[in-house]
Amino acid sequence: MVLLENDSFLTELTRLFQKCRTSGSVYITLKKYDGRTKPVPRKGNPETFDPVDNKCLLRATDGKKKISTVVSTKEVIKFQMAYSNLLRAHMDGLKKKDKKSKSKKTKATQ
């Protein structure tokens with residue numbers, strides 16, 4: 001997994017979206033990141049670890065290539081705006097739901 005800066009992550013994510021436009025999927029995960037690189041011990045004397053800053057870890061993969069970035073609290077607004085614009089631009093290949101099939105199922109159950 002490649003840890004990138006925020007701007008380079010967005011450009012690589014754009015490339016992933018373009019590569020998977022006709023066939024394939026891009027999986028994106030987002031989670032809270034406290035800066036730990038080692039797992040928390042279950043027993044014994046756990047180390048006291050106070051995170052200095054709240055951060056988010058974003059990961060993206062197409063099944064072959066994995067990219068990730070860490071977004072700090074100071075950069076969240078700027079990153080979120082750029083990320084949302086990128087998602088809007090590349091989420092046009094989604095299929096619409098068939099509304100007729102839903103109404104047929106409700107009539108069949110009655």
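**Entry 1: cysteines**

I looked up Cys 56 and found this residue partly exposed, with a relative accessible area of 28%. I then checked Cys 20. Cys 20 counts as buried, because its relative accessibility is 12% and the cut-off for buried is under 20%. Next I searched for disulfides, taking cysteine sulfur atoms within 2.5 Å as the rule. The count came to zero.

**Entry 2: model and confidence**

I noted that this is a predicted model. Strand β4 has the highest confidence, at 95. Helix α3, residues 99-109, has the lowest, at a mean of 64. Where pLDDT is low, predicted coordinates should not be read in detail.

**Entry 3: layout**

I listed the elements next. The chain has three helices and four strands. From the N terminus on, I read the order as β-α-β-β-β-α-α. I looked up burial for the chain: 21% of its 110 residues count as buried.

Which elements give two or more residues to the largest nonpolar core? I first took the core itself, which has 13 residues. Phe 9, Leu 13, Leu 58, Ala 60, Ile 67, Phe 79 and Tyr 83 have the most contacts inside it. The elements giving two or more residues are α1 (6-19), β3 (55-61), β4 (66-72) and α2 (76-90). Helix α1 gives the most, with five residues.

Leaving out residues up to four places away in sequence, I found Phe 9 touching Leu 4, Leu 58, Ala 60, Ile 67, Ser 68, Thr 69 and Phe 79.

**Entry 4: helix α2**

I went on to α2, which has 15 residues. From first C-alpha to last, α2 reaches 21 Å, close to the 21 Å expected at 1.5 Å a residue. Which residues of α2 are buried? I found Phe 79, Tyr 83, Leu 86, Leu 87 and His 90. Down the helix axis, these buried residues fall within an arc of 100°, so they line one face of α2.

I checked what covers them. The cover includes α1, β2 (27-33), β3 and β4. I then turned to the face of α2 directed away from the buried side. That face carries the exposed residues Ile 77, Lys 78, Met 81 and Arg 88.

Notes:
Residues numbered from 1 in each chain as written. Predicted model: local features only at pLDDT ≥ 70, side-chain atom pairs only at ≥ 80, totals over all residues. Heavy atoms only, no water. Core = buried A, V, L, I, M, F, W, Y, C linked by side-chain atoms within 4.5 Å. Buried < 20%, exposed > 50% of the residue type's maximum accessible area, 1.4 Å probe, protein only. Contact = heavy atoms within 4.5 Å. pLDDT = per-residue confidence, 0-100. Expected span 1.5 Å × (residues − 1). Arc of directions from axis to C-beta.
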